[in-house]
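Work through the exercises below with the structure open beside you. Try each task before you read its solution.

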Amino acid sequence: MMGCFSCCQNDDTPKKQSRTSSEKKEKNPLASLVSTISFKSDSTKHRFMAEEILKIGNGNVAARIFTFQELAVATNNFKPECLLGEGGFGRVYKGYLGSTNQYVAVKQLDRNGLQGNREFLVEVLMLSLLHHPNLVNLLGYCADGDQRILVYEYMPLGSLEDHLLDLSPNKKPLDWNTRMKIAEGAAKGLEYLHEIANPPVIYRDFKASNILLDEDYNPKLSDFGLAKLGPVGDKTHVSTRVMGTYGYCAPEYAMTGQLTKMSDVYSFGVVFLEIITGRRAIDTAKPTSEQNLVHWAEPLFKDKKKFTQMADPLLKGNFPIKGLYQALAVAAMCLQEEASTRPLISDVVTALEYLSLPQDHPDTDSKENGPIKLPTPSRGEEEIGGEVEKSNSLLRSQSVASGDGSFSQRRKETVTYSSC
């Protein structure tokens with residue numbers, strides 16, 4: 001699904017710009033794009049939203065503008081052999097830019113009117129203003145005629161979904177350490193959006209297929225068409241239409257349309273559970289009681305003896321038991337029914353930085369792919385419970401008293417969006 005986001009809007013009509021600011025706007029290609037697309041869609045709300053986002057970057061945005069001809073050449077006229085993937089937004093092709101000697105990913109949005117325009121504009125504005133190692137890099141865009149095309153850096157390993165869910169028999173599954181590394185990097189991308197970007201951004205579509213991997217399995221968040229500017233001042237949430245992907249959506253957002261950063265934390269919890277278990281958020285091929293991943297996991301979270309049964313069978317026992325217990329504790333906290341009881345994403349990052357440290361799996365059998373040496377039942381319950389409590393304490397202890405009491409001490413500084 002596609003959609004647009006609204007920033008914190010004022011009901012007052014925007015004041016007329018001065019001659020100087022108008023001249024600056026004319027020189028800014030993105031501002032001109034906002035004006036052109038908005039007038040075509042005849043949406044005052046849409047235009048005001050986009051212009052407010054541009055003000056955040058003070059108009060200092062330099063995104064490369066591609067012609068349709070350039071991108072047709074780069075993709076061999078969008079040849080089917082160059083197709084990388086297809087979704088509700090349109091198709092993504094692998095391309096090659098001779099001018100810069102680099103491979104790129106070219107996303108051609110479906111030309112379905114206003115909705116396509118909104119997603120295109122949100123993506124261009126967001127990724128032109130937001131820059132972080134765990135966010136995909138937008139190289140430029142094309143808006144020739146009714147074409148809406150986005151050009152990104154090429155991510156050679158595709159998406160997390162490609163390496164985690166429904167693997168072909170000849171594809172090697174991700175090992176435990178790589179899974180924790182990917183989870184940590186993806187959480188850091190969310191942390192940047194929630195706690196570094198000013199105003200904060202709610203991603204709203206966190207899922208395995210939107211986490212792309214470079215050649216070293218470093219993750220980057222992609223597809224910002226559903227992103228929204230978060231609440232500022234004394235506002236606690238943003239009210240919006242419920243959009244996203246079924247199975248990843250936080251319950252309070254699905255019921256009320258009230259969006260907060262904790263909605264993203266819930267979605268992260270679902271993906272982290274996918275990473276641990278190798279199961280899809282929604283899998284209709286499984287028995288009815290197991291089709292919804294969170295519902296399947298809930299009773300298992302309460303039965304400490306069954307924690308090891310939740311690990312992905314493809315790991316074949318190659319994981320540290322304590323690491324598994326702590327990872328499940330983090331996932332369970334992110335999936336709390338009450339949004340206020342979920343941890344901040346910065347605290348999740350702190351926990352994952354520990355979990356992603358290379359593990360020698362001291363609590364597994366010395367044989368490669370050997371079975372886990374399970375503790376005795378009496379010791380087992382105590383140990384598992386201890387690890388869950390340890391992880392809970394780790395998450396809760398990271399928050400320190402700073403300006404709003406919500407930032408981790410080493411990350412409490414705030415910066416505004418960087419310009420290109």
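**Exercise 1. Get an overview of the chain.**

Task: Find what share of the contacts with a separation of 6 or more comes from residues 24 or more positions apart.

Solution. Step 1: contact means heavy atoms within 4.5 Å. Step 2: among contacts in the protein chain with a separation of 6 or more, 68% join residues 24 or more positions apart. Step 3: note what you are looking at. This is a predicted model, in which local features need pLDDT of at least 70 and side-chain atom pairs count only at pLDDT 80 or more, while totals for chains, interfaces and linings use all residues. Residues are numbered from 1 along each chain as its sequence is written, and side-chain values use heavy atoms, with hydrogens and water left out.

Step 1: The protein chain holds 13 helices and twelve strands. These are DSSP runs, numbered from the N terminus: helices are H or I with at least four residues, strands are E with at least two. Step 5: 53% of the 420 residues count as buried. Buried means under 20% relative accessible area, exposed over 50%, and partly exposed in between (1.4 Å probe, protein chains only).

**Exercise 2. Describe helix α7.**

Task: Compare the reach of α7 with its expected span, then say how it is capped and how many of its residues are buried.

Solution. Step 1: α7 runs over residues 176–196. Its 21 residues reach 29 Å from first C-alpha to last, close to the expected 30 Å. The expected span is 1.5 Å times one less than the number of residues. Step 2: look at the N-terminal end. Asp 175 caps α7 there, with a side-chain oxygen 3.2 Å from the backbone nitrogen of Asn 177. Such a polar contact is a pair of N or O atoms within 3.5 Å; within protein, one must be able to donate a hydrogen and the other to accept it, and residues adjacent in sequence count only if both atoms are side-chain atoms. Step 3: 18 of the 21 residues of α7 are buried, so the helix is largely enclosed by the rest of the structure.

**Exercise 3. Pack α7 against α9.**

Task: Which way do α7 and α9 run relative to each other?

Solution. Step 1: the axes come within 11 Å and cross at roughly 170 degrees. Axes are lines fitted to C-alpha atoms, for helices over the stretch in contact, and angles run from 0 to 180 degrees between N-to-C directions. Step 2: α7 and α9 are therefore roughly antiparallel. The cut-offs are under 35 degrees for roughly parallel, over 145 for roughly antiparallel, 65 to 115 for roughly perpendicular, and oblique for the rest. Step 3: pick out the contact residues. They include Ala 183, Ala 187 and Leu 190 of α7, and Phe 268, Phe 272 and Ile 276 of α9. Step 4: sort the contact residues. Eight are nonpolar, one is polar and three are charged. Here Ala, Val, Leu, Ile, Met, Phe, Trp, Tyr, Cys and Pro count as nonpolar, Asp, Glu, Lys and Arg as charged, and the others, Gly among them, as polar.

**Exercise 4. Check the backbone.**

Task: Where is the cis peptide bond between Asn 198 and Pro 199, and what is its omega?

Solution. Step 1: the bond joins Asn 198 and Pro 199, with omega about 5 degrees. Step 2: Pro 199 lies in the loop between α7 and β7. Step 3: now look at phi. Asn 77 has a positive phi near 60 degrees, though not a glycine, and Asn 77 is exposed at 63% relative accessible area.
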